[in-house]
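Please find below my notes on this structure, written for someone who has not looked at it before.

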Amino acid sequence: MATRLPGAPALEREQLLDFLYQMLLIRRFEERSAEQYGRQKIGGFLHLYIGQEAVAVGAVAALSPEDYIVSHYREHGHALARGCDPKRVMAELFGREGGVSRGKGGSMHLFDKERHFLGGYAIVAGHLPIAVGLGLSGQYLGQDRIAVAFFGDGAVNEGAFHESLNLAAVWKVPVLFICENNQYAMGTEISRVSAETEVYKRALAYNLHAEQVDGMDVVAVYEATKRLAERARSGEGPMFLEAMTYRFRGHSMADPELYRSKEETQRWLGRDPIARLKDRLENADLLREEEYTDLDRRAREAVDEAVRWADASPPPPPEALWTDVYVGRGPVRGRDHA
């Protein structure tokens, strides 16, 4: 059996199989999350990452474990690709004490300090200044780390987007901005709100090196991210990557998807990142069908265990209302507040 993929000689077979497993894990995790939402085990909002798996898996694999990552509210895939425990991620979706944010954050606010995964953020573009600050801190302390910010195309018309790119460029902050352009900001197609639909060109106005990549190709995302991350790390300043991708489900579980045609969705389904990598590996004699079946089985079993573990985890106790919050100097419980 071959050991290298034609066109990507730097990637070993085992790493490519790991890419495939991680994308399968994210896909099965999101499918079960939708199921659990329907069973009312998950409350609030739920934004699925199905279809965009290649961006999270390819990009995160190209980073150092010490690099900071911040993301938007469709961040389950990024957290899992970073190595967050699926059981604890599912428990967070369930609002349970065993969750990565102790059941207080839910789907949109995953956080894992140990892995430098510093949050999903519900305010559109609100985390981009945070990414610049994280990159600045590493620069100031002389650390060999960069900050990476994932965001959607819906963020690029926000003032925080432009302010963050400009300040990062002025100070040459080591931050990599990764735009996951899935074509729609909620239910609005990008051409309806942006005169320039190729988002990476906006970064050029702030003198950032910017590129566009096929976000349905995990290998292409990996290679582009690795190249730009190394440039940011070496002192060349902030970098920008636009990954062209597509979400196969609605904006959230409450979305009836009345704004896009079935024909359009079918075209993108034909570019499924999991199927594309599977076919590419099989054609290169790097994957047998039984190996793929085993990878999928492992992913399903991991998600089954995550659901069982999350369901068994207790909800936060009432006193958790008073922990991990900012308060004044005075007493807080059962007495007058300062």
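**Notes on the model**

1. His 72 is found in the loop between strand E3 (68-71) and helix H3 (76-81); helices (H or I, at least four residues) and strands (E, at least two) are DSSP runs, numbered from the N terminus. This is a predicted model, in which local features need pLDDT of at least 70, side-chain atom pairs count only at pLDDT 80 or more, and totals for chains, interfaces and linings use all residues. Residues are numbered from 1 along each chain as its sequence is written, and side-chain values use heavy atoms, with hydrogens and water left out.

2. Is His 72 buried or exposed? His 72 counts as buried, because its relative accessibility is 11%; buried means under 20% relative accessible area, exposed over 50%, and partly exposed in between (1.4 Å probe, protein chains only). Not counting residues up to four places away in sequence, His 72 touches His 78, Gly 120, Tyr 121, His 127, Phe 150, Phe 151, Gly 152 and Glu 180, where contact means heavy atoms within 4.5 Å. The side chains of His 72 and Glu 180 are joined by a polar contact of 2.7 Å. A polar contact is a pair of N or O atoms within 3.5 Å; within protein, one must be able to donate a hydrogen and the other to accept it, and residues adjacent in sequence count only if both atoms are side-chain atoms. A polar atom of the His 72 side chain also lies 3.0 Å from the backbone nitrogen of Arg 74. Gly 98 is 26 residues from His 72 in sequence and 22 Å from it in space, C-alpha to C-alpha.

3. Arg 96 lies in the loop between H4 and strand E4 (117-120). Arg 96 counts as buried, at 16% relative accessibility. Its side chain reaches the backbone oxygen of Ser 313 at 2.7 Å. Leaving aside residues up to four places away in sequence, the residues that Arg 96 touches include Ala 310, Asp 311, Ala 312, Ser 313 and Pro 314.

4. Lys 113 also lies in the loop between H4 and E4. Lys 113 is exposed, with a relative accessible area of 67%. Twelve residues along the chain separate Lys 113 from Ser 101, and their C-alpha atoms are separated by 10.0 Å.

5. Two packed helices are described by the angle between their axes and the distance between the axes. The axes of helix H1 (residues 13-38) and helix H4 (residues 86-93) come within 12 Å and cross at roughly 25°. Axes are lines fitted to C-alpha atoms, for helices over the stretch in contact, and angles run from 0 to 180 degrees between N-to-C directions. H1 is therefore roughly parallel to H4; angles under 35 degrees count as roughly parallel, over 145 as roughly antiparallel, 65 to 115 as roughly perpendicular and the rest as oblique. Leu 25, Phe 29 and Ser 33 of H1 meet Pro 86, Val 89, Met 90 and Leu 93 of H4.

6. H1 also packs with helix H11 (residues 289-312), at an angle of about 40° and with the axes 8 Å apart. H1 and H11 are therefore oblique to each other. Among the residues in this contact are Leu 17, Leu 20 and Tyr 21 in H1, and Tyr 292, Leu 295 and Asp 296 in H11.

7. Helix H5 (residues 128-140) and helix H6 (residues 159-171) pack with their axes 8 Å apart, at an angle of about 15°. H5 is therefore roughly parallel to H6. The contact involves Leu 128, Pro 129, Val 132, Leu 136 and Gln 139 from H5, and Ala 160, Phe 161, Ser 164, Ala 168 and Trp 171 from H6.

8. Most residues other than glycine have a negative phi, and most peptide bonds are trans. Gln 183 is not a glycine, yet has a positive phi of about 80°. Gln 183 is found in the loop between strand E6 (175-181) and strand E7 (184-185), and is buried, with a relative accessible area of 13%. Asp 285 has a positive phi too, near 60°. Asp 285 is in the loop between helix H10 (273-283) and H11, and is partly exposed, with a relative accessible area of 43%.
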